[in-house]
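Have a look at the structure first, then go through the points below.

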Amino acid sequence: MNFKTLLMGASFVVGLTLAPLVAMAQNSGGNLVYLVQPEPPSLASFLSTSGPIGLVGPKIYDGLFDYDTDLQIVPSLAESYEVSEDGKTVTFKLREGVVWHDGAPFTSSDVAFTVMDVLKQVHPRGPNSFREVTSIDTPDDYTAVFNLENPAPYMLRALSAYESPMVPKHLLEGQDLRSSDLATNPVGTGPFTFTEWKKGQYIRLDKNENYWKPGLPLINRIVGRFIPDASTRTAAMENGEVMYGAYGAIPNIDAVRLREMDGFSVTTDGYAMINPMALIEFNTTKPPFDNPAMRRAVSLVMDRQFLIDNIWFGYGKPATSALSSNFDKVGLYKSGLPNYPASGDLDAAIKELDDAGIMPDADGIRASITLDLIPYGEDWRRAGEYMKQAMKPLGIEVELRYEDVPTWLNRIYAEYDFEMNVNYFYQLPDPVLGVHRHYGTDQIRQGTHFVNSSQYSNPALDALLAAGAQEPDATKRAGIYGEIQTILATDMPVANLFEMEFLTVYNDKLADHATSAMGAYGPFENAIVAE
Amino acid sequence: MESSQRRTRYVLKRLFQAIPIVFAIVVLNFFLLQLAEGDAVDVLAGEAGSATPEYMAELREKFGLDQPLIVQLGVYLKNVVTLDLGYSFRHDMPVSELVLDRFIPTLLLMTSTIILAVGFGILLGLVAASGLNTWRDTAISIFALITYATPLFWVGLMLIVVFSLNLGWFPTSGMENFAMFYEGWDRVVDIAHHLVLPTITLSLFYLALYTRLMRASMLEQAGQDYVTTARAKGLTERRILFVHVLRNAILPVVTMAGVQVGALIGGSVIVESVFAWPGLGMLAFEALFARDLNLLLGIFLLSAVLVVAVNLIVDIIYSTLDPRIEMA
């Protein structure tokens, strides 16, 4: 018996024992059609954190870790990790026997390449997440040692498939990362393999038969559909043509209706890792918002609960600090700060302005300003209408401006041609990743989107931000972030409005889709569709 | 023989005349689109979450957006002459590939719409005119008025509510069933099934127009001398109506249908969005918001060519319907 027949015989026996298992798994999974809105520009999740890319990418790519619903680390491509005493070396033990969708083995050189040559270079948040990483050693195929300049505790929360996807070195090395074929034809290690992208219609992924988690994924095929009209998306959901819509794909107004119907469910789970916060950015370089009293007055007069109840149908929590209260879990949140009333406090706002000597003129006007609104849907327009009314008794005359996305981005982040801008940001699982970008002097980067457009600069705060990023001791770190939040509640370069709760609407035939903190940006390997 | 030669020469002449027109459209569109603030790089970087100014400058250089406007126009025109429509930065694909891929669904929707709208428009107009001031005429006129006045997106949504949600006869959106991925004839049937609601929605508006036009045209022709002559010859009313009057009355409808092919692409933006129909209208809409100007210009160019071609076809049909119209 030569080697080849032995091998065939062995695989035959293995095949026989596994066949019933495989057949069962194939029958049990079903096909999932879900909403991807809008159509993504590419599938290069190593280049872009764009929402629609996030809905697809993590099903194809794995990260080193996943995170459970309490934000605790769950092993993924890394089975374990160890942080050295001084916090400057992190050693990851990688899973053995993982292969890329093209059959090549996944090794530590892929990890080193992904972090050093891809994420640190071209990813929007990578340079920040891996700022302290100076080099990565690969003593063997399944060990990756990250050498850090300074301790970076937040880095361990940025290793999910969405935030830091591991990409194949053998397909990307030596290529122009930004125009690589992988952007439209992704090859990962994840539970689903990329099959087809029909522009304007759908993206199709099929089950990865060689996935490293035995017996998973359960679903045979995942199809992401693009439907531009919100009412049609709801109708398609109601009709059973799609089974899952996250990140506002089904507007709240329809979600509350579907919630009451048989066969559909609505959940706010699966957004813990994103931590979205609605807020107002002030232009602190020109009147009237160069005066902190003006900014505080606006924050005081905002009826946060009104916005939540009447515009977002009860979904959301009033902001009480520059940090989301979700950071309470990791001890960084500080409660009881001033200038953050849940319901607007007109008297306090008026007093604030009077004390600062900002008096109304003969017509009762203290300031006339333009309020820009994030052009991401009708909700924001309605919020703008409310704000206009809320500021009127303060003597602030507001004109609303609603433009299309490129014009708006250009105005706010390139021209700084605004006074007050309503927006929302992801605070992400650590303030270093999602919050620092609003306030650091080094984050005043003209022409770069979604950073410190308020152009707020405070050396004392800069020092605290730098300290907070590097402090490995949890108690000391909490103290630093307490100080940061106190300064921000007084200076208020940005008025946080409310912690947003995004809605996921799904057909009850679909189960186990929100098993990680990533929700819709998760891999869906446990999800199952009943026939 | 002579007539077919003349026809070929006429077609060639018309095509030749069309070149400067298309050229002018391209240049005009190019400058019009420059009026929009922000560019493709802004949108790409905005969607990505953030990007360094260096990266954005690098992208602008790569896309040629850092060049003076006149240079960009020159490059574009040079490409168009060689039938190269340029590159869509957003989709990371050649424009021609994208546009042709989306042209087929649009063509499908437009063809079925024209057939439905013109066919039923002529029929309803005929019925209304032949029963002047009877209940038939009144009913058809009211129907035409209502369909003309109703917004397209509302009609689309109502059809979805009634025929997809309540009756379950048709799918709500898309061009195919994505859970199944049919092949062969099953796929043809599946696509036809998906085509029904968008076609009806887009047809209703134009149907009203053609109905009214046909009715007026029929009435006008009915009073002409040749009708009286025909009647004097002892022809049956039926023959007068279908052979004499109809042939003449149809001319303005055909003209109108030709003119409206361009407008149809515009109107289809709404219908395509409501029904998630993967056509050119939707592509144009998205391209505008992504500031994907190459792509938008490509779509405009194709539409312009389409309008020119359809007008030529209409003129040929015209001369067949009415041989007195000279091809010169």
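1. Polar contacts first. Chain A and chain B share 7 residue pairs in polar contact, both residues at pLDDT 80 or more. A polar contact here is a pair of N or O atoms within 3.5 Å; within protein, one must be able to donate a hydrogen and the other to accept it, and residues adjacent in sequence count only if both atoms are side-chain atoms.

2. Which elements of chain A give two or more residues to the side that touches chain B? They are strands E1 (31–35), E9 (202–207) and E10 (221–225), plus helices H6 (230–238) and H12 (405–415). H6(A) provides the largest share, 5 residues. Helices (H or I, at least four residues) and strands (E, at least two) are DSSP runs, numbered from the N terminus.

3. By class, that side of chain A has 16 nonpolar, 16 polar and 12 charged residues. For the classes, Ala, Val, Leu, Ile, Met, Phe, Trp, Tyr, Cys and Pro count as nonpolar, Asp, Glu, Lys and Arg as charged, and the others, Gly among them, as polar.

4. A word on provenance: this is a predicted model, where local features need pLDDT of at least 70 and side-chain atom pairs count only at pLDDT 80 or more, while totals for chains, interfaces and linings use all residues. Residues are numbered from 1 along each chain as its sequence is written, chains are lettered from A in the order in which they are written, and side-chain values use heavy atoms, with hydrogens and water left out.

5. Back to the interface: 44 residues of chain A are in contact (heavy atoms within 4.5 Å) with 47 residues of chain B. The two chains bury about 3,900 Å² between them, 53% of it on carbon and sulfur atoms; that is accessible area (1.4 Å probe) lost on being put together, summed over both.

6. How many salt bridges cross the interface of chain A and chain B? The rule (a side-chain nitrogen of Lys or Arg within 4 Å of a carboxyl oxygen of Asp or Glu) finds 2. B:Asp101 and A:Lys198 meet in a salt bridge, at 3.5 Å, N to O.

7. Chain A also has an open sheet of 4 strands, ordered E4-E5-E7-E6, with antiparallel pairing; two strands pair if DSSP finds at least two bridges between them. The edge strands are E4 (78–83) and E6 (133–140). E6(A) pairs with E7 (143–148) over 5 bridges, and A:Leu148 in E7(A) is the bridge partner of A:Val133.

8. Chain B has 12 helices and 2 strands.
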